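Biologist: Can we walk through this one together? Keep it short and plain, please.

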Amino acid sequence: MSATQDLQINLLPWQQKVWTDKSRFKVVAAGRRTGKTRLAASLLLVKALSSKNGKVFYVAPTQGQARDIMWDTLNLKLINGATISLKGSDRPETMRGVSLSYVVLDEFADFKPEVWELILRPSLADLKGSALFIGTPMGRNHFYDLYSEALAGKLEDYNAWHFTSYDNPLIDPTEIDSAKRT
C-alpha cells in the first residue's frame, strides 16, 4: 500500500504527477488556489514519518505566514517522534546548524536566494534530503530562474511543473473567469 493510501491522502491529478516524480528537487509554479499548500502539507507529513532523523522544515517568507498557513494542519507530534518545524525565511539564522531530511520552500520568490543557497541546501547534504519549492509566478526572479533551469533539464535531480488555477477541479472555472475580470 502506498503512503497516500495508508494516510488516506487524496491528491488532485496534477498533485499526483508531482508526488510520484522521482526527482530530488521539485519546483512547482502554480496559480492561486491550485492546491500547492495541500500538497506541501501531505508531503511534509509523509517525509517526516519516513525521515532518517525526524527533522523536516516548512519555510515561508515570514514565521507569521508559516504559522498562519500550516499551524492547524501540522501542529502535532508524529508517532515516530518526528517534528515538523515552521520557519520564516526572514529569520534565516534560526535555521542554521541542523541536518534536514526534507524542506518545503513556500512562495520561494519572496525569499532571499541566500536562504536556499547558504543555509537550507547545505542542511540537506549529509542525509541527501530533498526539497519542494512552491510559489505563485511573480515575474522574472530567482524562482523563475530555478523553474526555467529545472524545466530545461539544466539541474541534476530537479524537475519542474507549471499549473494554473484551472488545474484544480474543485474550483468552478466560471469563478476563476469572474475573478480575472475584476
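Modeller: One definition to start: helix axes are lines fitted to C-alpha atoms over the stretch in contact, and angles run from 0 to 180 degrees between N-to-C directions. Also keep in mind that this is a predicted model.

Biologist: Okay. At what angle do the axes of α3 and α4 cross?

Modeller: Roughly 45°. Helix α3 covers residues 36-49, and the two axes come within 11 Å. That makes α3 oblique to α4.

Biologist: Is the crossing of α3 past α4 left-handed or right-handed?

Modeller: Right-handed.

Biologist: Which residues meet there?

Modeller: From α3, T37, A40, A41, L44 and L45. From α4, they meet I69, M70, T73 and L74.

Biologist: What about α2 and α3? How do their axes cross?

Modeller: At roughly 35°, and the axes come within 11 Å. Here α2 passes α3 in a right-handed crossing. On the α2 side, W14, Q15, V18 and W19 make the contact. On the α3 side, K36, R38, L39, S42, L43 and V46 make it.

Biologist: Let me pick Q15. Buried or exposed?

Modeller: Q15 is buried, because its relative accessible area is 0% and the cut-off for buried is under 20%. Q15 sits in helix α2, residues 13-20.

Biologist: What does Q15 touch, beyond its neighbours in sequence?

Modeller: Leaving aside residues within four places, Q15 is in contact with N10, G35, R38 and L39. R38 and L39 are also among the α3 residues in the α2 contact.

Biologist: And how far is Q15 from T83?

Modeller: In space, 23 Å, C-alpha to C-alpha. In sequence, Q15 and T83 are 68 residues apart.

Biologist: New topic. What is the strand order in the sheet?

Modeller: The order is β3-β2-β4-β5-β1-β6. That is six strands in an open sheet, with parallel pairing.

Biologist: Which strands are at the edges?

Modeller: β3 (83-88) and β6 (158-163). Each of these pairs on one side only. From one strand to the next, the twist averages 15°.

Biologist: Which helix packs on the sheet and touches β2, β3 and β4?

Modeller: That is α4, residues 63-74. The direction of α4 makes about 155° with that of β3.

Biologist: How many bridges join β4 to β5?

Modeller: Five, and the two strands run parallel. Strand β5 covers residues 130-135. For V103, the bridge partner in β5 is A131.

Biologist: Where is L120, and is it buried or exposed?

Modeller: L120 lies in helix α5. L120 counts as buried, because its relative accessibility is 0%.

Biologist: Now the aromatics. How many pairs are there?

Modeller: The count comes to eight aromatic pairs. Take F108 and F143: their rings are edge-to-face, 6.4 Å centre to centre, with 75° between the planes.

Biologist: Why does that pair tie together separate parts of the chain?

Modeller: Because the two residues are 35 apart in sequence. F108 lies in the loop between β4 (102-106) and α5 (113-124), and F143 is in helix α6, residues 142-151.

Biologist: Are those two buried or exposed?

Modeller: F108 counts as buried, at 3% relative accessibility. F143 also counts as buried, at 3%.

Biologist: Which residues form the aromatic cluster?

Modeller: F25, F108, F111, W116, F133, F143 and Y158 form one cluster.

Biologist: Last one. Which residues other than glycine have a positive phi?

Modeller: E107 is one of them, with phi near 55°. E107 sits in the loop between β4 and α5. D157 has a positive phi too, near 70°.

Biologist: Where is D157 placed?

Modeller: In the loop between α6 and β6. D157 is partly exposed, with a relative accessible area of 38%.

Notes. Residues are numbered from 1 along each chain as its sequence is written. This is a predicted model: local features need pLDDT of at least 70, side-chain atom pairs count only at pLDDT 80 or more; totals for chains, interfaces and linings use all residues. Side-chain values use heavy atoms; hydrogens and water are left out. Rings of Phe, Tyr and Trp (its six-membered ring) pair if their centres lie within 6.5 Å; planes under 30 degrees apart count as stacked, over 60 as edge-to-face and the rest as tilted. Helices (H or I, at least four residues) and strands (E, at least two) are DSSP runs, numbered from the N terminus. Buried means under 20% relative accessible area, exposed over 50%, partly exposed in between (1.4 Å probe, protein chains only). Two strands pair if DSSP finds at least two bridges between them. Contact means heavy atoms within 4.5 Å. Angles under 35 degrees count as roughly parallel, over 145 as roughly antiparallel, 65 to 115 as roughly perpendicular and the rest as oblique. A crossing is left-handed if the near helix is turned anticlockwise from the far one by less than a right angle, and right-handed if clockwise.
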